[in-house]
Amino acid sequence: MPRPAEIHTYAELLSRFTREGELYEKLESNKLRCTACGHMCLILDGHDGVCRVRFNRGGTLYVPHGYVAGLHPDPIEKKPLFHAYPGCTALSFGMLGCSFHCDYCQNWMTSQALRDPGAFSTPDVMTAGEVVALAGKCGAKVLTSTYNEPLITSEWAVEIFKLAKEAGLVCSYVSNGNATRQVLEYLRPYVDLYKIDLKCFDDRHYRKKLGGMLQTVLDSIGAAWEMGFWVEVVTLVVPGFNDSDGELRRIAGFLRSVSPDIPWHVTAFHQNYKMTGPEDTPVATLLRAAEIGRGEGLHFVYAGNLPGMVSELENTYCPSCGELLVERLGFHVRQNRLLKGTCPKCRAAVAGRWE
């Protein structure tokens, strides 16, 4: 595959690795409506959507296909997913592009590759079968679409996941939650686990700082849970952005209204990409956020990105009797005491996807 330096733009490169999409509606005058994410872009002939990777040519929507821009095996705890097959390996793959433009993006080299000339990530040609075969070689139980925003590359993910399900793999998404009912219904037969970022509880910040709408993400969390995905939610706690008691309480209260069994991960911000002003999140802030989450009635609250510094907040405890179920240090599972998804002490069922 040619490197980006050999052609004019990433867009020209990526246009070679596309196929017709499935998540769209044809309209008059060669217009179309993309339904892959919450932007629901109305795309005129010759134009791209907000994501820059889904585009209209002659009234047909073309979408990414046939490459990966990131591919790596990780513990499933790194996603983070704490209530799904503890300690297993997840093979993560991703493409390029995103529907948001967060200033603190941890994966900006892939997610912002079509917006930021400083981002650089060379895609590698692969077939869906090769991705699944690699999962088998590295002993992965889970295959995860991540690194960029997977909703905007859902047709490629489903092509891979169809083969993955035949091979007995569990499939997952790591997403910003900027979804539509159409894309969730499209994914549901193939995606088992769904990690969603709830970045703040301020619609103004969502619109101006991130590039989306709060209500769309809230609706996606509720719909995904109702449809039977296993959902875990992450809030990256950024000093001065979303770390007030009131905002954290509103986030936790919303999650509690969907289900007290949704795990909430409050994770530490580290200066990255364009956001270098706030200090890194201190331990005390994560402890405070976790206390708020528990006070609002959530059964499972975890603190992340500061391994060994957050007391028991990396572990899973039985919500019925308080027994230690899964002990962790960072992404490492020290012990898993669950008995077929039940507490070894009181025998209560524990919400999640367990062996």
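**View 1. Surroundings of Glu77.** The side chain of Glu77 reaches the backbone nitrogen of Gly87 at 2.7 Å. The model is predicted, so that local features need pLDDT of at least 70 and side-chain atom pairs count only at pLDDT 80 or more, while totals for chains, interfaces and linings use all residues. Residues are numbered from 1 along each chain as its sequence is written, and side-chain values use heavy atoms, with hydrogens and water left out.

**View 2. Arg328 and Phe82.** The charged end of Arg328 sits over the ring of Phe82, 4.0 Å from its centre (CZ of Arg within 6 Å of the ring centre and within 35 degrees of the ring normal).

**View 3. Tyr173 and Tyr194.** Among the nine aromatic pairs found in the whole structure (ring centres within 6.5 Å; planes under 30 degrees apart stacked, over 60 edge-to-face, the rest tilted), Tyr173 and Tyr194 form an edge-to-face pair, 5.9 Å centre to centre with 85 degrees between the planes. Both Tyr173 and Tyr194 are buried.

**View 4. Phe201 and Phe254.** The ring centres of Phe201 and Phe254 are 6.3 Å apart and the planes are at 45 degrees, so this pair is tilted. Phe201 is buried, with a relative accessible area of 19%, and Phe254 is buried at 15%.

Conventions:
Polar contact = N/O pair within 3.5 Å; in protein donor to acceptor, adjacent residues only side chain to side chain. Phe/Tyr/Trp six-rings, centres within 6.5 Å; stacked < 30°, edge-to-face > 60°. Buried < 20%, exposed > 50% of the residue type's maximum accessible area, 1.4 Å probe, protein only.
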